[in-house]
Amino acid sequence: MTDHLIHPRLTARIVLLNDRQQILLFQVQDSRSVHEVYPTMTDYWITPGGGVEPNETLQQAALRELWEETGIRVDQIGPCVWYFERVLHLPHKSFRLQEHFFVVRISSAAVSTANMLDYERRMLVKNHWWPLEELSQTTESFLPPQLPALLPPLLAGDLPSEPVRLSAR
């Protein structure tokens, strides 16, 4: 597939951290999607988040996606800490996802998927609060792939002054 057929898609993702120093991730199972990071894998873990709607800022999209996918409402989000580009190939269209990751800290909260769209419910099959130790020891796959190594500074409150640009590998 050539680049002129790949549509850019601005996305906002949330690095949701609770007061127990855990990150919330969703397990994706989607046999239709193929992307450059895990070309043959359809089972991996991602942070909450999604596409930016017309006339919406990245921050507004992050707040909306957080509510849609977790049922959690917050008044504001933290800074953008990571930027990650990846290509996602779907049956009829390919996207260059331009993902911006924002930190949100909450006290322990229950997650509700009641506000998810139908396709999200089909793809995001389960969620889990991951402690760093478990995240570092598992053989599961994550997007971004460096997630276990990227998380410790955030948990320690050491946020970058500019978003860290991540690579696909």
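**Exercise 1.** Among contacts in the protein chain between residues at least 6 apart in sequence, what percentage join residues at least 24 apart?

*Solution.* The model is a predicted one, in which local features need pLDDT of at least 70, side-chain atom pairs count only at pLDDT 80 or more, and totals for chains, interfaces and linings use all residues. Residues are numbered from 1 along each chain as its sequence is written, and side-chain values use heavy atoms, with hydrogens and water left out. A contact means heavy atoms within 4.5 Å. Of the contacts between residues at least 6 apart, 69% join residues at least 24 apart.

**Exercise 2.** State which elements make up the protein chain, and in what order they run.

*Solution.* Helices (H or I, at least four residues) and strands (E, at least two) are DSSP runs, numbered from the N terminus. The protein chain holds four helices and ten strands. Their order from the N terminus is β-β-β-β-β-α-β-β-α-β-α-β-α-β.

**Exercise 3.** Explain how Trp45 and Trp130 are paired, and which parts of the chain the pair ties together.

*Solution.* Step 1: rings of Phe, Tyr and Trp (its six-membered ring) pair if their centres lie within 6.5 Å; planes under 30 degrees apart count as stacked, over 60 as edge-to-face and the rest as tilted. The whole structure contains three aromatic pairs. Step 2: the ring centres of Trp45 and Trp130 are 5.1 Å apart and the planes stand at 80°, so this pair is edge-to-face. Step 3: Trp45 belongs to strand 4 (residues 43–46) and Trp130 to strand 8 (residues 124–131), so the pair ties together parts 85 residues apart in sequence. Step 4: buried means under 20% relative accessible area, exposed over 50%, and partly exposed in between (1.4 Å probe, protein chains only). Trp45 is buried at 4%, and Trp130 is buried at 4% relative accessibility. Step 5: Trp45 and Trp130 form one aromatic cluster with Phe142.

**Exercise 4.** Determine which residues of helix 4 are buried, and how they are placed around the axis.

*Solution.* In helix 4 (residues 147–155), the buried residues are Leu147, Pro148, Leu150, Leu151, Leu154 and Leu155. They cover an arc of only 155° around the axis, which puts them on the same side of helix 4; the arc is that of the directions from the helix axis to the C-beta atoms. An α-helix has 3.6 residues a turn, so residues three or four places apart point the same way. Just after helix 4, Gly157 has a positive phi of about 85°.
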